[in-house]
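Subject: Handing over a structure, with notes

Dear colleague,

I am passing on the structure below, and I would be glad if you could look through it with the notes that follow beside you.

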Amino acid sequence: MKILSSSQIKQCDSVTIGKGISSIDLMERAAKACSDWIEINFKINKGFSIFCGNGNNGGDGFAIARMLYEKGFDIDVFIDENNFKFSDDSKINLDRIKKISGIGIKGFSEFENNRESVIIDALFGYGLNRELSDDFNDLIEKLNEIHTSKISIDIPTGLFADRIIDEHSTVFKADFTLTFQFYKRSFLHPETGRFCGKIIVLNIDLDEDFINGTKTDYFVIDETLIKNIYKPRKEFSHKGTYGKSILVGGSYGKIGAVLMSTLSALRTGSGLTFTIAPKCGNTVLQSQIPEAMFIDSGENHINKIEIQEKAVYGIGPGLGKEKETRKALLEFLENYTGPIVLDADAINILAETQRLNLIPENSVITPHPLEFERLFGKTENSFEKIELAKQKAEELQIFIILKDHHTAVVTPGKKVFYNITGNSGMAKGGSGDVLTGILTSLISQRYEIEEACIFGVWLHGKAGDLAAEEFSKEAMLPTDLINKIGDVFKYLS
Ligand SMILES: NC(=O)C1=CN([C@@H]2O[C@H](COP(=O)(O)OP(=O)(O)OC[C@H]3O[C@@H](n4cnc5c(N)ncnc54)[C@H](O)[C@@H]3O)[C@@H](O)[C@H]2O)[C@@H](O)CC1
Ligand SMILES: Nc1ncnc2c1ncn2[C@@H]1O[C@H](COP(=O)(O)OP(=O)(O)O)[C@@H](O)[C@H]1O
Ligand SMILES: [K+]
């Protein structure tokens, strides 16, 4: 799914309006999508306090007020008593509710905390173009302190669609954001996304030709994309059809990391799977994963990485940074040209030695935020981090998977794909090792690298979501996630 900027969304609205639907009817469609969703999901709630701004976001709020009232809910609408200038469509919808005696219309200052009512924020949407004034900040701070369910229409007020906010900005803190047609970039970044709660994208049939023809570097990984990428196994096939994955890692005390990567590669469908690890891991690897083949290297840490033909390497989990291991990694990279997956200590070694130029083109690196910083330096915020990643991915001609709550796949062509599966139950040592195994396996099965990255992060997060459903976010383990990979494939097929 494409992510458009606020100016592109504005254009998209205008083009849609130019093609036969009036702007007031488009607002009606948007408000209907919201009120239908609210009716289904908040049926046990009786009342709603709806805060409306003066633009079209407020207009949505007025229309939602009318529709929810008609559905039988108690409605109070609050408007800015210091500003009675409304956008045209907003004014039409305000006039409509003025005619309904059952809907109370009050000034913001008249709001009294009523714990029973759900708060709807229709103050500002993508039209916000400057910091909020103190009056709005005070209002939002007051609303944020109330313990009741909160819904934002289109965008939590205070957020811009596609850029960072000042760290002290006041933003409405929503439990749900009902947004029209597109994710906004700010929903997907940690500094801004934390205000959105659960995001519900409502289709309001904006012009498809415009959307298809609009250029953007930013995408959300949705199921339509995944279903296009996923290649079901062919019955007339053999193990050679599904490639050779070689997972390289482990050191004394950290054999579990490469064990989890190996198991993940197998569960993702790798035809032949090898582990290169130090001898101290032999017994546990062979007994825990009899399907994998073991190549030893060193006693307690790796001192050589053997080069095999027609294989895809995933290097790093539990690797350690011993002198001999560093030397082995650099030597391997000097002599190997195929795409590889580099994670964890493999990334740290390259950062410390500043030998990033050794990474073969089309390879994948999977840094978490700190590893990214070690590689490429500090950035002010996550928006800047993405820009730096785009620049580095192009410069080095590699794929950078920036791991986070919404992991981003950054391609050498400077496209950014945000992942929306996954949950905080995955914030445990070992989850990243699983991703390395998944990616290595998909590349060895001849998925295009870009597709492997997109599919890999989605699959990893989806398996994490299924694990959380069964075991809870607290109790789920990375190994539970590995055991759920199969259910994700079943879901897809
Ligand atoms: N026909 C359309 O264009 C549609 C628009 N929709 C709604 O319209 C919203 C966008 O509406 P608008 O473009 O009117 O913008 P908003 O309603 O988000 O903002 C209203 C106006 O407030 C002013 N403003 C900006 N920052 C401010 C600040 N800090 N303090 C005070 N005033 C400020 C701006 O002049 C802006 O135009 C969307 O988010 C969505 O909710 C939907 O109804 C779908 C259809
Ligand atoms: N809060 C979260 N929400 C979604 N995914 C998460 C969250 N925390 C961690 N993850 C995922 O778990 C993985 C953790 O990787 P990493 O930090 O490298 O862990 P490890 O040290 O186990 O290798 C990443 O893929 C990351 O996206
Ligand atoms: K809003």
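A residue is called buried here if 20 or more other C-beta atoms lie within 10 Å of its own, exposed if 12 or fewer do, and partly exposed in between, with C-beta atoms placed from the backbone. Helices (H or I, at least four residues) and strands (E, at least two) are DSSP runs, numbered from the N terminus. By these criteria strand β10, residues 272–277, is mostly covered, since five of its six residues are buried.

Please keep in mind that this is a predicted model, in which local features need pLDDT of at least 70 and side-chain atom pairs count only at pLDDT 80 or more, while totals for chains, interfaces and linings use all residues. Residues are numbered from 1 along each chain as its sequence is written, and chains are lettered from A and ligands numbered from 1 in the order in which they are written.

The chain as a whole

The chain contains 17 helices and 17 strands, and 50% of its 493 residues count as buried. Its C-alpha trace spans about 80 × 45 × 40 Å along the principal axes. The radius of gyration, taken over C-alpha atoms, is 26 Å, which agrees with the value near 23 Å that a compact globule of 493 residues would have under a rule of 2.2 Å times the number of residues to the power 0.38. UniProt, in an unreviewed entry, lists residues 222–492 as "domain: YjeF C-terminal"; its positions are given in the numbering used here, feature names are shortened, and annotations may be inferred rather than shown by experiment. Over residues 222–492 the chain is 46% helix and 13% strand, and the end C-alpha atoms are 13 Å apart.

The sheet around β10

Two strands are said to pair if DSSP finds at least two bridges between them. An open sheet of 10 strands with mixed pairing runs in the order β8-β17-β16-β15-β14-β13-β12-β9-β10-β11. At its edges stand β8 (218–221) and β11 (293–296), each with a single partner strand, so one side of each has no neighbour in the sheet. Strand β9 (residues 244–248) pairs in the parallel sense with β10 over five bridges, and Ile246 stands opposite Phe274 in β10. Strand β9 is also joined, again in parallel, to β12 (residues 312–315) by four bridges, with Ser245 opposite Val312 in β12.

The two ligands

A residue is counted as near a ligand if its C-beta atom, placed from the backbone, lies within 6 Å of it. Ligand 1 has 26 residues around it, of which Gly55, Asn56, Asn57, Gly125 and Gly127 come nearest. Helices α2 (23–41) and α3 (56–70) each supply at least two residues of this shell, which by class holds 10 nonpolar, 11 polar and five charged residues. In this grouping Ala, Val, Leu, Ile, Met, Phe, Trp, Tyr, Cys and Pro count as nonpolar, Asp, Glu, Lys and Arg as charged, and the others, Gly among them, as polar.

Ligand 2 is surrounded by 18 residues, the closest being Gly422, Ser424, Ala427, Ser431 and Gly432. Helix α15 (residues 431–444) gives the largest share of this shell, four residues, and the shell divides into four nonpolar, 11 polar and three charged residues.

One residue in a helix

Ala389 has its place in helix α14 (residues 382–396) and is buried, with 26 other C-beta atoms within 10 Å.

With kind regards
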